[in-house]
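Hello,

Here is the structure you will be taking over. Please open it first, then read the notes below it.

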Amino acid sequence: MKKIGIVTSGGDAPGINAAIRAIVRTAYSMNMEVAGFQRGWEGVMSNDSRPLTPRSVGGILQLGGTILHTHRSPQFETKRGVRKAAKTLSHTKVEGLVVIGGDGSFRGACDLSKESNTLIVGVPATIDNDVYGTDETIGFDTAVNTALAEIDKIRDTAISHERTFIVEVMGRKRGFLALTAGLTSGAEIIIVPEIKTKMETVAQTMRENQKKGKRSSIIVKAEGAGDARTLAKEIKKRVGSEVRISVLGYAQRGGSPTARSRLLASLFGNKAVELLLKARGDKIVGLQNGQIATLDMEKSCSTTKPLDLNLLLLANVLAT
């Protein structure tokens, strides 16, 4: 294999640049050229790329975001868009493509692999941590620590004013971030999209906490688990507690990646190139039981990663 490409697709996550760096420098150590496609699948379809070298990826290890930029592409979701991308890969003689992104990016990669002879390997990078086949994704640890730092600060104000705070973290469909941030911040209540939470259950938990002498509470809620304003009104009506809402927003996607996110990015990027060198495509790289592993991309795309409900039970026990 003489030439590979890299594309970063979907939402950004801290550590993507570290993965790009690892892929480029591993590839050059194996005498391969690297082309970086700009702005996600849009760049693949339009053949917008630039050469990446060990020197051009210097100084990016600590940077958040992606130097290749990313862009959501409705056109790529069509057969015509996928065929345009396949044509680009053939025309530019890219024999292997590393796709850095989440489950949506990998579904696009699965479609592309059916139209192209280019070998494709996925590197999971998303703060949602919802990719099946890996215990952890690049950027998840950083996002959790970003949320945790803010929740700790909000806790100070909650205690001082004897108030309840609803802290909304990212996660439209999945609650991995909310669960981990909630558990590690000692949140009294955690609300995730995977489990329907009854309003009366929340109210009862808060009443019981008040009986124990707790005069402040932190509720960590994933953005996809209902409306925070409605929740605040119901708590005020049923419990009488004064409630404030804090939405952490896109800050969770940015910032310098933690050592953990950089380590996973380096290991995943290196493994992805090794797979391509061995002519193994349609795979994703992941972390399973502490070891770097691979899984069929189709299997990853078609399987929902389960939320560890034992962590939610643990969070409830520790919050008493």
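Please keep in mind that this is a predicted model.

Four strands make up an open sheet, and their order is β7-β8-β6-β9. The pairing is parallel. At the edges are β7 (189-191) and β9 (243-247), each of which pairs on one side only. On average, neighbouring strands of this sheet are turned by 20° against each other, direction ignored. Strand β6 (residues 164-169) is joined to β9 by five bridges.

**The pockets**

The largest pocket has a volume of about 1,100 Å³. Its lining is made of 45 residues, and those nearest the centre are Arg-72, Asp-103, Gly-104, Arg-107 and Arg-172. Helix α4 (103-115) supplies the largest share of this lining, six residues. By class, the lining has 13 nonpolar, 17 polar and 15 charged residues.

The second largest pocket has a volume of about 370 Å³. It is lined by 20 residues, with Ile-189, Ile-190, Thr-201, Thr-205 and Asn-316 nearest its centre. The edge strand β7 turns up again here: β7, α7 (199-211) and α11 (309-318) each supply at least two residues of the lining. With five residues, α7 gives the most. The classes here are nine nonpolar, six polar and five charged residues.

**The salt bridges**

Side chains of opposite charge can pair when their charged atoms come close. The count for this model is 19 salt bridges.

One of them is between Lys-214 and Glu-188, at 3.3 Å from N to O. Lys-214 lies in the loop between α7 and β8 (217-222) and Glu-188 in the loop between α6 (176-185) and β7, so the pair ties together parts that are 26 residues apart in sequence. Are the two partners buried or exposed? Glu-188 is buried, because its relative accessible area is 9%, under the 20% cut-off. Lys-214, at 24%, is partly exposed.

Glu-234 and Arg-238 both lie in α8 (residues 228-238), four residues apart, about one turn of the helix. Their closest N and O atoms are 2.9 Å apart. Glu-234 counts as buried at 18% relative accessibility, while Arg-238 is partly exposed at 34%.

A further salt bridge links Glu-242 and Arg-244 at 2.6 Å, N to O. Salt bridges that share partners also join Glu-200, Arg-207, Glu-234, Lys-237 and Arg-238 into one network.

Regards

Notes: Residues are numbered from 1 along each chain as its sequence is written. This is a predicted model: local features need pLDDT of at least 70, side-chain atom pairs count only at pLDDT 80 or more; totals for chains, interfaces and linings use all residues. Side-chain values use heavy atoms; hydrogens and water are left out. Two strands pair if DSSP finds at least two bridges between them. Axes are lines fitted to C-alpha atoms, for helices over the stretch in contact, and angles run from 0 to 180 degrees between N-to-C directions. On a 1 Å grid over the protein atoms alone, a cavity is a set of points where a 1.4 Å probe fits but cannot get out, and a pocket is an open set with protein on both sides within 12 Å along at least five of seven lines; lining residues have an atom within 4 Å of a point. Grid points are joined across faces, edges and corners, and a volume is the space filled by probe spheres set on the points. Ala, Val, Leu, Ile, Met, Phe, Trp, Tyr, Cys and Pro count as nonpolar, Asp, Glu, Lys and Arg as charged, and the others, Gly among them, as polar. A salt bridge is a side-chain nitrogen of Lys or Arg within 4 Å of a carboxyl oxygen of Asp or Glu. Buried means under 20% relative accessible area, exposed over 50%, partly exposed in between (1.4 Å probe, protein chains only).
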